[in-house]
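This briefing is intended for reading alongside the sequence and the three-dimensional model.

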Amino acid sequence: RLLKTSDPWINSVLDQRIAAIVGSVASPEQDAATVSAPLQASVDAIVAASTADSKDRPGMAYAVKVEPKYLGAHKQLQQFEIATYTFTGGAHGMSTVEPIVLDPAQKRRVELADVTLPDAEARLLKLLDAPYVAMIKRLNPTNDQQLAQYRKDFPLFVSKKYRFAEDGMHFHYDPYDVSYYAAGAQNFVIPYAQLSGVIKPEYLP
């Protein structure tokens, strides 16, 4: 479904992103960042593929759900997320979440690099390590050797999927990003008190 706000520019950005996400399901060989097919054309392509596939696998039907949501404002920024669930065969479907941070005054999407200071990547990675290790121990209590193996199997990285909230900066990780599928999506929070010198001062509370 689509989300309508009072700002036509925001509506356009969200509609285009939803169309790209659905288009990437219809054309899996393409990345969602490069798909430009109209939304209805992509929906029709998915329905056609599902119909064709069901001939070989009776009872098999594709499922695609895309749900945008407003997350709130931070300073001059307006924040949204697009939650997507897709099933096109296989052992299970796949859920993803994409936070979208917009600056309506400047009419631009605000990426992580836009809100962080130079050389922030290494510091963010260090700050994210504490919630990452806490997640590992919560999912599967480990000794040092097992923890080292987990780090090797699911190495931590700085997710570009971020948003601001009252308790700090949130970093979203989809299933498989930093853990096994059954563990689900993960959300790591860095309190603002730890972000001085990491993000630009105008984005601190």
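Glu67 belongs to strand S1, which spans residues 63-74; helices (H or I, at least four residues) and strands (E, at least two) are DSSP runs numbered from the N terminus. The model is predicted: local features need pLDDT of at least 70, side-chain atom pairs count only at pLDDT 80 or more, and totals for chains, interfaces and linings use all residues. Residues are numbered from 1 along each chain as its sequence is written, and side-chain values use heavy atoms, with hydrogens and water left out.

**Glu67**
- Glu67 is partly exposed, its relative accessible area being 32%; buried means under 20%, exposed over 50%, and partly exposed in between (1.4 Å probe, protein chains only).
- Between the C-alpha atoms of Glu67 and Ala83 there is a separation of 5.2 Å, although these residues are 16 residues apart along the chain.

**His172**
- His172 lies in strand S6 and is buried, with a relative accessible area of 10%.
- A polar contact of 2.7 Å joins the side chains of His172 and Asp174; such a contact is a pair of N or O atoms within 3.5 Å, where within protein one must be able to donate a hydrogen and the other to accept it, and residues adjacent in sequence count only if both atoms are side-chain atoms.
- Apart from neighbours within four places in sequence, His172 is in contact (heavy atoms within 4.5 Å) with Val97, Pro99, Ser159, Lys161, Ala185, Gln186 and Asn187.

**Nonpolar cores**
- The largest nonpolar core has 32 residues, of which Tyr132, Tyr162, Phe164, Met169, Phe171 and Leu195 touch the most other members; a nonpolar core is a set of buried Ala, Val, Leu, Ile, Met, Phe, Trp, Tyr and Cys residues joined through side-chain atoms within 4.5 Å.
- At least two residues of this core come from each of H3 (112-115), H4 (120-139), H5 (144-153), S5 (162-165), S6 (168-173) and S7 (186-190).
- Helix H4 contributes the most to this core, with eight residues.
- Not counting residues up to four places away in sequence, Tyr162 touches Pro99, Val101, Val110, Glu111, Leu112, Val115, Met169, His170 and Phe171.
- A second, separate core has twelve residues, including Leu3, Trp9, Leu14 and Val66.

**Overall chain**
- Five helices and seven strands make up the elements of the protein chain, in the order α-α-β-β-β-β-α-α-α-β-β-β from the N terminus.
- Of the 205 residues in the protein chain, 41% are buried.
- Among contacts with a separation of 6 or more, 50% are between residues 24 or more positions apart.
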